[in-house]
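Hi there,

Here is the structure I promised to pass on. Have a look, and then read on for my notes.

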Amino acid sequence: MEYRCKGFGDEFTEVFKREMGFSRPRCFPRRISASEGLVKRITLHGKLNGHKECVNTVEFNSTGDVLVSGSDDRQVIFWDWAAKSKTFSYPSGHLDNIFQARIMPFTDDRKIVTSSCDGQVRLGLVLENGQVDTRRLGKHQGRVYKLDIEPGSPHIFYSCGEDGVVQHFDLRSNSATKLFHCSSFTELNRQSRNNISLNAIVIDPRNPNYFAVGGSDEYARVYDIRKHQCDSSNNLDGPVNTFCPHHLVGADVHITGLAYSNTSELLVSYNDELIYLFQKNMGMGPTPLSVPPEELQKLEKPQVYLGHRNSQTVKSVSFFGPTDDYVLSGSDCGHIFVWKKKGAKLVRLTAGDQQIVNHLEPHPYMPIFASCGIENSIKLWIPMADGSLPLPDDAEKIMESNRQGREDHSLITLTPDVIMHVLRLQRRQNAAYIERRFDRADIENDEEDEGEAYLLGFSDGEASSEEGFTGNTTECNIS
C-alpha cells in the first residue's frame, strides 16, 4: 500500500511512513537519501582552498570522513572536509599534473595511488612519523588519466593510458603487469595493431572480474580479468562485450568517462556528444563490426542524458545516491547537472565553476558530493537549502547554448594550414619536453630516452596560419 503526505515533498513522505511504521528501519536511510526533494535542496556548503593550480581529482575514503585531492601543482592534499580544513599534504613525486589520486581501502588511509600527465603511476605511503614515502610503481607512454581499485581490495588496482595499455598492480609485489594493448577493431580485422588511446577504466562492483575501458573511439569495451594471465606478456586484446549507441557506430567520437552502478549498469560519457546508460543486455558482443545492421536495430536503445557539454576537457561521469538513483556530470559551461537515472529528468542545475566543471565525486553513503574544475578550490555540495530549489530561469538558454556549441563544433573542418601548424607545434613541444627530461637529475636512466607528444586542443575559433595563431597551448589538462 502506498502512503503519501499531500502537500509535502518526498523526504517528508518518507519520514511520515517511517514514523507510522510503513517503512522498514533498514530501508529508511536509503530511501530518504535518494528522495528527489532532498536532492533539490543540494547547495554549495563551502570551499576547500589549498591548491595553487587546477584541481583535477577528488575522492572520499571508504568511510567518507576524509577527502583526498590532486592538482596541477603536483601536490596531494588530505582534507577534513566537514571542518573545511587541510589535514596534511605531500609532494607526489610526479613531474607533471596529477590526474587521479585514490586511497586504497583497508589501509587506514595510509596508501595513496596517483597517476599523472607524466605517465607515471606512483604510491604514497604515510609513515608512522607523519612523513610520506613516495615511489614509482609503473609507467605508461603518455598521460594516465584514470585508475580504478578492485572493490574492497587493499592491494589490487588497474591503470589505463594514452598508450592503449591496461596495467594490473598488486601492492604486495614491486612490479606492474601489462595485461594487453587495446586495439582498434578495424585494425584487428587486418591483423595489425593500432592502439586505442584510453581515458577511462572502471571495475564492475557487482562482479570485479569484469572491467570496462573507453578511449579514442566509440566503443566501451568490457573485459574479463580471468581471460588475461597476469604472468604473461603476450595477452591479446579480447573484450567479452562492447557497448555503443547505434547512431554513433562509425562516428568520430571518443569516450571520456565511465561508471558502473551497483547493478552493473554502464554509464558512458562521450566527448562533444551525450551521456548514455547501458543495461547488460544492450551489448554488441566482443566483435561489434561483425554484427549485422538488422541485429543492431533489435537491441534496446540506451537511456540518454542531455543538456551539458563535454568538449574541452576529459570529464568524468558518476552515479549518485545510495541506490544510484541519479547521474552527475560537469560541463564546459561551468554548471553541475544532476539527472534522475530513470527517465533522465534534470532535477538540479547549478553553477559549479567560473569556467569548467570536470569531476564530481559522490560521498560513499550520504547525499553529498564534491566538485572540482579549472579553479584552484574544491567545492562541497550538501542538501542544506530551506526548500527545494527550482532549475534556474535561464536553464533552457544554458542547455540550448551547449547544444548549439556541439553542433557548431561538429561542422568545423581543419584546413591543411591548420594541420601543418599542429604538426609543427607537436614537434616543438616534443623536442622541448625531451630536453627538459634530460635536465632533470631525479629521473631514472630508463626514462631518459622516452618522448611524449602533447596534442593541441583547439577552441571553437582556430587560426589557420602559424603567425596568426592565438589558441591557448598552455591550458590546464584536466581529468
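How many residues lie between β12 and β13 in their hairpin? There are 5 residues between these two strands. Before I go further, please note that this is a predicted model, in which local features need pLDDT of at least 70 and side-chain atom pairs count only at pLDDT 80 or more, while totals for chains, interfaces and linings use all residues. Residues are numbered from 1 along each chain as its sequence is written, and side-chain values use heavy atoms, with hydrogens and water left out.

β12 pairs with two neighbours (pairing takes at least two DSSP bridges between the strands). Strand β11 (residues 156–160) runs antiparallel to β12 and is joined to it by 5 bridges, with Val166 as the bridge partner of Cys160. These two form a hairpin with 4 residues between them, and Gly164 in the turn has a positive phi of about 80 degrees. Strand β13 (residues 176–181) is also antiparallel to β12, again over 5 bridges, and Thr177 in β13 stands opposite His168.

Now for the charged pairs. The whole structure holds 17 salt bridges, each being a side-chain nitrogen of Lys or Arg within 4 Å of a carboxyl oxygen of Asp or Glu. Which residue does Glu265 bridge to? Its partner is Lys341, with the closest N and O atoms 2.9 Å apart. Glu265 lies in the loop between β18 and β19 and Lys341 in the loop between β24 and β25, so the pair ties together parts that are 76 residues apart in sequence. Both Glu265 and Lys341 are buried.

Lys40 and Glu36 meet at 3.1 Å, N to O; Lys40 is partly exposed at 22%, whereas Glu36 is buried at 14%. Together with Lys345, Glu36 and Lys40 are linked in a network of salt bridges.

In helix α6 (residues 395–410), Arg403 and Glu407 are 4 residues apart, about one helical turn, and their salt bridge spans 2.4 Å between the closest N and O atoms.

Best wishes

Notes:
Buried means under 20% relative accessible area, exposed over 50%, partly exposed in between (1.4 Å probe, protein chains only).
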